[in-house]
Amino acid sequence: MNLIRLAKNLIPLGILIMLMGTLGFKLIEGVSVFDAFYMTIITITTVGYGEVFPLSKIGRIFAIFLIVGGTSYILFSVSIVTQIAIEGRLRNLLGRRRLNMEIRKMRNHYILCGYGRMGKVIAKELREKKARLVVIDRDVDDAQQLEEMGVIFIHGNATDEDVLLDAGLKNAKALIISLSTDADAVFCALMARDLCPGIEIVARAIESGSSRRLKAAGVTHVVSPYATVGRSMANSILRPEIYDILDGVFQDEKRTIRMEGSPVSEASELSGVSLRQAPIRQRLGLIIIGVKLKNGEMIFNPSPDYVIQPGDTLISMGEVENLEKLADWLNPR
């Protein structure tokens, strides 16, 4: 039987024993309900007080059975509660051990620090891309929801060095900082950069002047939500046609058109082929907007004669299904 269910049944069983004891003493000895109830309590708990009223032979026999039954009930209740506590502790330890083993096996995953309103949007976008994600947050209210999404949740402070290491920082692809204050974001970035110098760090800047400090702390990309929203609102008025296109690409949850970056591996059949010769537009109907070179340099609107090289990342725009086909084409599994 489930221990929790058994523990819940102990409460009505205890009430039943007290009612039976009270009723028994009242009927056998003819005393008041209060005296019978008091006698039942001191008998069950074996506190050692003297008899409240003189007991007849039948009353003493009844008291013996009440002592045995009441003492057995108390001992059984204590053992059940103790077992629940031990099993809960053991379950937590085993769960944490399994979680740590799972994280140690992860490579090129994303770590999200902070699961607030923006963190939820970030996690949703990453999960739609089937990216492996570890979330760090001090609030455990959303832990079950994240587990249902297949996301690993670590309860802790992202500014704690041990917590970042437990999240697999040294094997992660990128660290995303979406904390409630810029001071915490700067401290988290400094610590992460010190622990893992080569990791990519993306951080949210709340205050307008925090971008410089975050950059100085080692953040690769700083995103200022207020500045981004402000520019977006201005463009919606000044350049409505362009805004509608970009809004459909980046913000529409039901979008079929998207912009993606697809890395090129040496195993790709397009490696060493010029954009003119590559049938990307003819077969998939995609537009190549730019190319990010292996050294980080960006080429916008590349020439048709540009030769695709291993390590490049092609920035393309088109239907989601075709973008996924191009990703498999450029980086075959």
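Analyst: Happy to! A salt bridge here is a side-chain nitrogen of Lys or Arg within 4 Å of a carboxyl oxygen of Asp or Glu. By that definition, K325 forms a salt bridge with E321, and their closest N and O atoms are 3.8 Å apart. Before going further, please note that this is a predicted model, in which local features need pLDDT of at least 70 and side-chain atom pairs count only at pLDDT 80 or more, while totals for chains, interfaces and linings use all residues. Residues are numbered from 1 along each chain as its sequence is written, and side-chain values use heavy atoms, with hydrogens and water left out.

Now to the pairs. The structure holds four salt bridges, including the one between K325 and E321. These two partners sit in helix α12 (residues 320-330), four residues apart, which is about one turn of the helix. Helices (H or I, at least four residues) and strands (E, at least two) are DSSP runs, numbered from the N terminus. An α-helix has 3.6 residues a turn, so residues three or four places apart point the same way. K325 is partly exposed at 44% relative accessibility; buried means under 20% relative accessible area, exposed means over 50%, and partly exposed is in between (1.4 Å probe, protein chains only).

Side chains of opposite charge can pair when their charged atoms come close.

For a bridge with buried partners, turn to E260 and R258. E260 forms a salt bridge with R258, with 3.5 Å between the closest N and O atoms. E260 counts as buried because its relative accessibility is 17%, and R258 counts as buried because its value is 15%.

D160, E161, D162, D166 and D194 form a negative surface patch. Patches are made of residues with over 30% relative accessible area and no salt bridge, with like charges joined within 9 Å and nonpolar side chains (Val, Leu, Ile, Met, Phe, Trp, Tyr) joined within 5 Å. In this scheme Lys and Arg count as positive and Asp and Glu as negative, while His and the chain ends are not counted. The place of a charge is taken as NZ of Lys, CZ of Arg, CG of Asp or CD of Glu. Helix α6 (residues 161-166) gives the most to the negative patch, with three residues. E161 is found in helix α6 and is partly exposed, with a relative accessible area of 37%.

F34, Y38, V47, Y49 and V52 make a nonpolar surface patch of about 520 Å². Accessible areas come from the Shrake-Rupley method with a 1.4 Å probe, and for residues only the protein chains shown count as cover. Y49 lies in the loop between α2 (33-45) and α3 (57-105) and is exposed, with a relative accessible area of 56%. As for α2, its buried residues are A36, M39, T40, I42, T43 and I44. This helix has 13 residues and reaches 18 Å from its first C-alpha to its last, close to the 18 Å expected at 1.5 Å a residue; the expected span is 1.5 Å times one less than the number of residues. Just after α2, T46 takes a positive phi of about 50°.

A few loop residues complete the view. N108, in the loop between α3 and β1 (110-113), has a phi near 55°, a positive value in a residue other than glycine. The C-alpha atoms of N108 and A131 are 9.1 Å apart, although the two are 23 residues apart along the chain. A131 lies in the loop between α4 and β2 (133-137) and is buried, with a relative accessible area of 11%. N301, in the loop between β9 (298-300) and β10 (313-319), also has a positive phi, near 50°, and is exposed at 64%.
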